Amino acid sequence: MQFIWPQNLWLLLVLPLLVALYLWLQGRRKRHALRFASLAIVREAMGPGNGWRRHVPPLIFLLALAVMLVAAARPQAVIVLPSNNQTIILAMDVSGSMRAQDVKPSRIVAAQEAAKHFIAQLPRHVKVGIVAFAGSAQVAQLPTLNREDLVTAIDRFQLQRATATGNAIVISLATLFPDDGIELDQLGAQRFRPRSIDDADRKPKPREPVPPGSYTSAAIIMLTDGQRTTGVDPIEAAQMAAERGVRVYTVGIGTTDGEIIGFEGWSMRVRLDEESLKAVARKTAAEYYYAGTAQDLMKVYEKLSARLTVEKKETEVSALLALLAAALSVLAASLSVAWFSRIV
């Protein structure tokens, strides 16, 4: 916890003085009590059990005062809050390997249904964009609040050859940061610009690296079987995301054994490459999720939905402490009135 006005914490030194004053008053009360002819009269006046009760309200009030003084220093704490300005990019694999049926009814159908379920669960204020990738990557839908447009974009997917997982990350970043002038040819791949960048002569904008995972206004979720066959190295692309603080959550769909599929006259065994997906997630301070079945995939997206709609943020908590202090003061007064019919 940090404090905006830490110098106000010196006020806490008043508390020991108040404790000393309270003890002095208690001693003075005992001296006056000895003037009675019989101590039995004192005990009868105090009532049974009042010996310890009379100290409870002052102690609670002292605690309330301490909380108030801490609130005066304007403390800040990192707490979890609903995100009011967040964009999520769904980068979805539409390569030929996604026709494999080790996830029923097929990898691509299960991915489409899970993605639509995920979008439906998100709060309406969260923008979602969709990047589809196979041998190249393209923006299927720019970030929008319109859920119908997102579902339409997902339903339009058509399977293509090859898998460029690195390209998907780069295009997702270019969509999130259109002013940065991000291009695939910066990393030695073919030239490609998403629709969000119009100026062909725009030069990359210098950007100071930030800690991985520190950018809380956006995240990328990449769903794929992980078998990169072309394009940018996904680790190099993940480094770009890490430098911008963007987390890349990876979701592996399929099985490590895979299966043999045929497509346009050729056949191959398609396996889930978990290691590369885990490496991308680690690089960006995110997490990897395995989805071996359609049900697993749905559960993964439910977890991500809950995780991505909140963010940790350093927030001033003075108001919360002031409320706590007020509640403690009311409690101290209420106990005093209930036990002694007055505020002691």
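A crossing of two helices is called left-handed if the near helix is turned anticlockwise from the far one by less than a right angle, and right-handed if clockwise. Keep that in mind for View 1. What you're looking at is a predicted model, where local features need pLDDT of at least 70, side-chain atom pairs count only at pLDDT 80 or more, and totals for chains, interfaces and linings use all residues. Residues are numbered from 1 along each chain as its sequence is written, and side-chain values use heavy atoms, with hydrogens and water left out.

**View 1. Helix 4 and helix 11 pack against each other.**
Helices (H or I, at least four residues) and strands (E, at least two) are DSSP runs, numbered from the N terminus. Helix 4 covers residues 56–72 and helix 11 covers residues 318–340; their axes sit 8 Å apart, at an angle of about 165°. Axes here are lines fitted to C-alpha atoms, for helices over the stretch in contact, and angles run from 0 to 180 degrees between N-to-C directions. Angles under 35 degrees count as roughly parallel, over 145 as roughly antiparallel, 65 to 115 as roughly perpendicular and the rest as oblique. So helix 4 and helix 11 are roughly antiparallel, and their crossing is left-handed.

**View 2**
Two strands pair if DSSP finds at least two bridges between them.

**View 2. Zoom in on two strand pairs, one antiparallel and one parallel.**
Strand 4 (residues 127–133) and strand 5 (residues 137–144) run antiparallel, joined by 5 bridges. A hairpin links strand 4 to strand 5 through 3 residues, and Val131 has Val139 as its bridge partner. Strand 6 (residues 218–224) and strand 7 (residues 247–253) pair in the parallel sense over 6 bridges, with Thr224 opposite Gly252.

**View 3. Leu90 sits in the largest nonpolar core.**
A nonpolar core is a set of buried Ala, Val, Leu, Ile, Met, Phe, Trp, Tyr and Cys residues joined through side-chain atoms within 4.5 Å. Buried means under 20% relative accessible area, exposed over 50%, partly exposed in between (1.4 Å probe, protein chains only). This core has 67 residues, and Leu90 and Leu297 have the most contacts inside it. Contact means heavy atoms within 4.5 Å. Not counting residues up to four places away in sequence, Leu90 touches several residues, including Phe118, Val131 and Tyr301. A second, separate core of 8 residues includes Ile60, Ala64, Ala71 and Ala332.

Ala238 is buried, with a relative accessible area of 0%. Leaving out residues up to four places away in sequence, Ala238 touches Ile169, Val280, Lys283 and Thr284. Lys283 is 45 residues away along the chain, yet the two C-alpha atoms are separated by 6.3 Å.

The peptide bond from Lys104 to Pro105 is cis, with omega near -5°; Pro105 lies in the loop between strand 3 and helix 5 (107–121). Ala162, in the loop between helix 6 and helix 7, has a positive phi of about 70° although it isn't a glycine. Ala285 has a positive phi too, near 60°, and is found in the loop between helix 9 (274–283) and strand 10.
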